[in-house]
Structure formats: structure tokens, C-alpha cells
Amino acid sequence: MSVPYPQFKAAACHVAPVFLDSAATAEKAAALIGEAARAGAGLVVFPEGYMPGFPLWVALRAPIHNHDLFKRLASQSVRLDGPEIGAVRAAARRHGVFVSLGFSESTEVSVGCLWNSNVLIGRNGAILNHHRKLVPTFYEKLVWANGDARGLRVTPTEIGRVGMLICGENTNPLARYALMAQGEQVHISTYPPAWPTRPPGESAAYDLKRAIEIRAGAHAFEAKAFNIVCSAVLDGAAKEILCGGEASLADIVERTPAGVSMVLDPTGSHVVEPHQGDEGILYADIDVATCVEPKQFHDVVGYYNRFDIFHLSVDRTPREPVSFDAAVPPSGYAADRSDGPDAFGPGAGMAHPGLGEVTAEPPRRDGH
């Protein structure tokens, strides 16, 4: 059987969310999906933490001043099966496109545990992959928990084999190799609107644009894959919430290098001119056949490796907060139930099939 080499148009949505409003952000995302689809896009990519926005305040103020903002973020963080993700899935299905969306994820078992997550949605609205950032970077640890490797996988699709990593994960050689080794052809990299580490102007201050250029080029070149990079934008409303009228904070936000969106080919070259600054959708035509020729030079998951020397093992076990083992109560004893005359005594509980269902439930694999 011959190997297909898909061709498609990618759209990187270099846009701002409706800051700390997930429902409104979902509506905006749905509108952008429609716009990109009408322009011929087959894959529409949104930035890191797009829903409901990146918590940049952790870089600007001490933690003791950020409790109210964290509470707002927690209340607007969403679940995979919630209506906000559902609206984006419906838009993907309606327009027949693949969608990659960054979001702050919550869980029913905790009101304060969040993850920096990304979801890949199929043309039919199905969730194809769900990835949680393995390690929050620097001050992000004040907001998000460590993820696990359940989503560290490449998804075979009609547009090629798609993998995705979030921001600083694109600096992790082992995470990147894990995707390369699954035959990745299209890589999605998502980023925040800015990432201040020092007051602007200091020589050691972090330049997000330059960091993205280095990371994106390295992965495209090493994986011999296309790299679709999508960064967010800070609009006026977000800046007002983040800075609260403080001139010193506004100066940091304005002078910190902004993120950039770009699409690189398997040689690490730009397919189109990168976009930095105001909101816009960056389009690029992708031909997966371009991945083939460079593999003759350095195929690090094929003959340009020494599998007798190097070995990588990845544990994809979901990290759940608790695991319940099925157990049989001692004879003549049943769990404490007060809903009927058979609550205690020989055979108690046998009239309550729900009780057995609870104690025998295997660990969950779908949310936390």
C-alpha cells in the first residue's frame, strides 16, 4: 500500500481571549473557526491557555496579591466534557476542520486544582487527544499542577500524524523525542502572549520571540516535521485586569517581548512570514511530502540512532488522586447504610446493588 502525503492549509489564530470569560471565549473561538474554514483551513490552532486566558499576573505581583485573580481563573477553568469545550467541538464539526485548543482545565474532585491543557478535536467534533502540560514552567507552578503522559501521543489523521506540546515543553528533548518516535509529521506548539522574567531592558530578561524561534526551528529540523506555532495576544481589557492601573506593571507588560506565531517546514525554514503584534490569523499551506527528503539525512527515530545504546520508556498511566480496590465485606456485616431495615445483619447490602457498584469501581481514567 502506498503512503499518502496529505496537503492542507493550517491557520494559527494569533488572537486574544475574552479574558477570564470562558463562555465568551468559546463564542469567539467558534467564530474564528468559521472564518478560518471559509479561508480554506483544514487545521485551526489556538494559543496556550486560550480559554479563559493566560494568568500573567503570577509574573507581575507577589502571590499574596493574586488570590482574587486565581479564584476568578479557577471559576472560569473548564472541563473536557463541559459546555465551553462542547461549543468548540460543535464548531469543528459544523465546519469540518481539525481544531487545537489550549485551555485551563478544572476537575470535579477539587475546586482549586488546575492543569494547563490542550485538546485536539477532529473534523467530526470528536476529541482525538487530551494533553496536560507535564511541568508548569517557573511561576506557572503557582497556578497549574503537573500533568501526566496520557496525552503524550501522536494522532493519525487525514492531514498527517499530529502531535502537540505546550510552551516550555518544546524545550524538553525527551518529550519531543517521544513524539518524533511516533512518526510525528505535524507539530503544534502553543505559547502565551508574553513571558516576563525580569524588568524589561535588563540583559538577562527573557525574549519570548527569540526563544520560540530557537525551539520551533530545532524541533522542525530534528523531527523533519512541520511546526505550527501559535501565540496569544494581550488586549486592552486583559491589560487592565492584569495591571489594575499600576503604571509600573503596565510598563512591564508593554515593554516585555510579545509572543510570535509562525509555521516552519521540516528544514526549519519559514513557510510564511511570522506574525507578532495585533490579532490576526496566520495561514500556511502544508505538504506532508516535504517531510520525506530530510529524513534521508538525519532520521533520529530510524537509522540515525543507536537503539542498542539509547532507550526511552514513557509511562502513560493516568495519575489519579485515589484508587479504590474491590473488597468483599466480612460475613454478616455491611457498610453503614440507614436507608432501610436491611441496613445491618446477614445478607445486608445485597438488596442494594448500587453499593457493590461503588466499591468495585475501577480508578477513573477520564478527568483526574
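A cavity, on a 1 Å grid over the protein atoms alone, is a set of points where a 1.4 Å probe fits but cannot get out, and its lining residues have an atom within 4 Å of a point. By this rule, the largest cavity of the structure is lined by P17, F19, G53, F54, P193, A232, V233, L234 and A238. About 40 Å³ of space lies in this cavity, where a volume is the space filled by probe spheres set on the points, and grid points are joined across faces, edges and corners. The structure holds one cavity of 30 Å³ or more.

The model is predicted: local features need pLDDT of at least 70, side-chain atom pairs count only at pLDDT 80 or more, and totals for chains, interfaces and linings use all residues. Residues are numbered from 1 along each chain as its sequence is written, and side-chain values use heavy atoms, with hydrogens and water left out.

**The chain as a whole**

The protein chain has nine helices and 12 strands. Helices (H or I, at least four residues) and strands (E, at least two) are DSSP runs, numbered from the N terminus. Of the 368 residues, 49% count as buried; buried means under 20% relative accessible area, exposed over 50%, and partly exposed in between, with a 1.4 Å probe and protein chains only. A contact means heavy atoms within 4.5 Å. Among contacts with a separation of 6 or more, 70% come from residues 24 or more positions apart.

**Helix α1**

Helix α1 covers residues 22-38, and its 17 residues reach 24 Å from first C-alpha to last, close to the 24 Å expected at 1.5 Å a residue. The expected span is 1.5 Å times one less than the number of residues. At the start of the helix, a side-chain oxygen of D21 comes to within 3.4 Å of the backbone nitrogen of A23. The buried residues of α1 are S22, T25, A26, A29, A30, L32, I33, G34, A36 and A37. Their cover includes strands β1 (7-14), β2 (43-45), β3 (98-107) and β12 (280-287), along with helices α3 (67-76) and α4 (83-95). After α1 comes G40, with a positive phi near 100 degrees.

**A hairpin**

Strands β4 (residues 110-121) and β5 (residues 127-132) run antiparallel and are joined by five bridges; two strands pair if DSSP finds at least two bridges between them. The two strands form a hairpin with five residues between them, and G125 in the turn has a positive phi of about 85 degrees. I121 stands opposite I127 in β5.

**Backbone angles in loops**

Most residues other than glycine have a negative phi, and most peptide bonds are trans. The table lists some exceptions.

| Residue | Angle |
|---|---|
| L20 | phi about 60 degrees |
| F138 | phi near 50 degrees |
| M51 to P52 | omega near 5 degrees, cis |

L20 lies in the loop between β1 and α1 and is buried, with a relative accessible area of 7%. F138 is in the loop between β5 and β6 (155-157). P52 is in the loop between β2 and α2 (57-60).

**V301**

V301 is found in the loop between β12 and α9 (353-359). Is V301 buried or partly exposed? V301 counts as partly exposed because its relative accessible area is 25%. Leaving aside residues up to four places away in sequence, V301 touches Y177, M180, A181, K295 and F307. V301 and G183 are 118 residues apart in sequence, and their C-alpha atoms are 8.2 Å apart in space.

Key. A polar contact is a pair of N or O atoms within 3.5 Å; within protein, one must be able to donate a hydrogen and the other to accept it, and residues adjacent in sequence count only if both atoms are side-chain atoms. On a 1 Å grid over the protein atoms alone, a cavity is a set of points where a 1.4 Å probe fits but cannot get out, and a pocket is an open set with protein on both sides within 12 Å along at least five of seven lines; lining residues have an atom within 4 Å of a point.
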